[in-house]
Amino acid sequence: MASAFQRRVGESRRKSQRGAEETPLVKWILISLSGLFLLVFLLIPLVNVFAQALAKGVGAYFEALTNPDTMSSIRLTLLTAAICVPLNVVFGVCAAWAVAKFEFRGKALLITLIDLPFSVSPVVAGLIYVVVFGLQGYLGPWLAERDIQIIFAVPGIVLATLFVTFPFVARELIPVMQATGTDQEQAAMTLGASGWQTFWRVTLPSVKWGLLYGIILCNARAMGEFGAVSVVSGHISGVTDTMPLRVEKLYIGYDSTGAFAVASLLALLALVTLVLKTWFEWRQERLFEAAQRSDPGEATHDTRSDRT
Amino acid sequence: MSIQLKNISKSFGETMAVDRVEFTVAEGELVALLGPSGGGKTTVLRMIAGLEIPTAGDILVRGHRVNDLPVQRRNIGFVFQNYALFKTMSVRENIQFGLKIKKWKRSEIESRVTELMELFGLQGLERRYPHQLSGGQRQRVAIARSMAPKPSVLLLDEPFGAVDAKIRQELREWLVRLHHELNVTTVFVTHDQEEAMEVANRIVIFSRGRLEQIGTPRDVYENPANEFVARFIGVMNVLECVVKGGQAHAGELSFPAGGAPDGTQMRIGFRPYAVMVSTDLTQYPHRARVLHTFFLGILLRVEFELPSGLVVRGRMTKEEYGLLGLEDDREVSLQIKNYRILARDDAPLGSELPSPQPTPPHIAENI
């Protein structure tokens, strides 16, 4: 397959060489257009975030970041991610395992439900929790009697974030787990491994890269979520403001240095995520190619080194 | 007795995959479970391993009932059809996996792995990953891995299915040698009757979940228990015949019908080697024409067409073919030496019968 692909690439290159003169021109125009588009709509704004953040000097930048309310928002965001990501890893592994390794009724429904947060507007996700846990909600009075506050407090933020981030890990793992099948686990069991040992030694290593990729995406979303969190947070400075909410608040309050300083942190997170994601994708592709090559049906047999 | 199956059944929902199967495998035996795909042989193998739970019946390994013993504690080695090597582990890590799980001492693991590497001809491949191995190497790693914890029984599911023909032949011979050296009770599944005949001490034949026959390769070939076995093991000519005047007729050919009344439908079967041919058109009672010759190596398969259009398959060596001076479209005379009444209104299979015509000495025997 790879060779067929190379052949096709080779053909198109030859064609452009012997083809009409405008081909390189068209190519050049297309590349410049996409480049220009990315420059105007992505690169300049991104650079601008950092430029604005540092406009009044590095001192002002760090001063803005060390503002107690800002620090509190960073802590809250980190806390939320620290709770949501592990929970979603556990949930994602369970769900992917169930979908990939078992046949059961309602499997299609489960997959649809896992995708639900992707299709629902985050605002709705927030409102769901207000309806359930808010003072006017179903469980509100019961919770209020026991002095448990969920809405306009940290638990609400965590719940809303959980909701919007839970497809990421499962979605990444399902195809990987489906591709690996159950043979290796069965082999481990015939060799005496318990279910737990099989999971840690065989299942997890074989889905490692997919899992890491899922975690990265999940983490990025958990830290960056605005809509759902905004509905349940209550925007109490220093208490229920996450980083995205803090950015909005500072910006509305005409503190552009502060707003852009926090925004630069979020942008930095996005950049790191992007680099890691690209790297993992590259790794996965290599592993996938290796797995395909190791498929016994397609393997090329090296009879000479075969000392039977 | 190493493995004993007592009245084992397994159903998946409505379908009966295995239906009241009973057989035993002696200590140190090499047994093939043979049958067409969907015959239930893999299910039987997986039940012995503990990967499937029988719906009914008992499985005993070395006299102990293992029905309720989980797969981890049955002490079996299982080689999967596609080998199921751990892709994230090197050859060495694959082989020592079972030993680490069973908490062998480090030094013992080292010496066991080294021993297996040598025995399986895998030296120098310790650090390779499964995707860097050839099909034959992968299979040997899979067997080495399953043998590492010294299992009491080795089970192989279609062990030669995933490699090409040349390596398959080498692996068969190698498996026989290995079994000879280690003498571990071995059961393997195959759908290839030639493979089963060549490798196994005994063959267990399945079809549609039922056990059809157990016996040595020679047994099942020469004394098939029923029509299915007769047709499945080796090549067989099968003719649909109608009885008339005590003879079963198909085209020009007729066979004594063994007392069946006129009008009975019956099937007559005979092996290709029972077809006697001569270029002397008066030597045998039936005229035929050489329709096509298939070169299978040392043996040739020759199709003869009788005037009625009936086609009979014969088998002879290259030498016989040359001596007879046969070629496609050549006129010959032929006769069937032995035949078997396969089915007479579902009666059990009878034994092989000689044809009544006086048989002149076979031409090849006169050389």
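A:Leu43 counts as partly exposed because its relative accessibility is 47%, where partly exposed lies between buried (under 20% relative accessible area) and exposed (over 50%), with a 1.4 Å probe and protein chains only. The model is predicted, so local features need pLDDT of at least 70 and side-chain atom pairs count only at pLDDT 80 or more, while totals for chains, interfaces and linings use all residues. Residues are numbered from 1 along each chain as its sequence is written, and side-chain values use heavy atoms, without hydrogens and water.

A:Leu43 belongs to helix α2 (residues 22–53) of chain A. A nonpolar patch on the surface includes A:Leu43, A:Leu42, A:Ile44 and A:Val47 among its members, and has about 980 Å² of accessible area together.

Elsewhere in chain A, helix α5 (residues 107–119) packs with helix α9 (residues 167–180) at an angle of about 130°, their axes being 9 Å apart.

Charged side chains come next. Over all chains, the structure holds 25 salt bridges, each a side-chain nitrogen of Lys or Arg within 4 Å of a carboxyl oxygen of Asp or Glu. One of them joins B:Glu52 to B:Arg46, with the closest N and O atoms 3.2 Å apart; both B:Glu52 and B:Arg46 are buried. Another links B:Arg65 with B:Asp58, at 2.8 Å between the closest N and O atoms. B:Arg65 is partly exposed, at a relative accessible area of 48%, and B:Asp58 is partly exposed as well, at 26%.

In helix α7 (residues 217–222) of chain B, B:Glu222 and B:Arg218 lie four residues apart, about one turn of the helix. Their side chains meet in a salt bridge of 3.3 Å, N to O.

Note on methods:
Chains lettered and ligands numbered in written order. Patch = residues over 30% accessible without salt bridge, like charges linked within 9 Å, V, L, I, M, F, W, Y side chains within 5 Å. Areas by Shrake-Rupley, 256 points an atom, 1.4 Å probe, with all protein chains shown as cover. Helix = DSSP H or I, 4+ residues; strand = E, 2+ residues; numbered from the N terminus. Axes fitted to C-alpha atoms, helices over the stretch in contact; angles between N-to-C directions.
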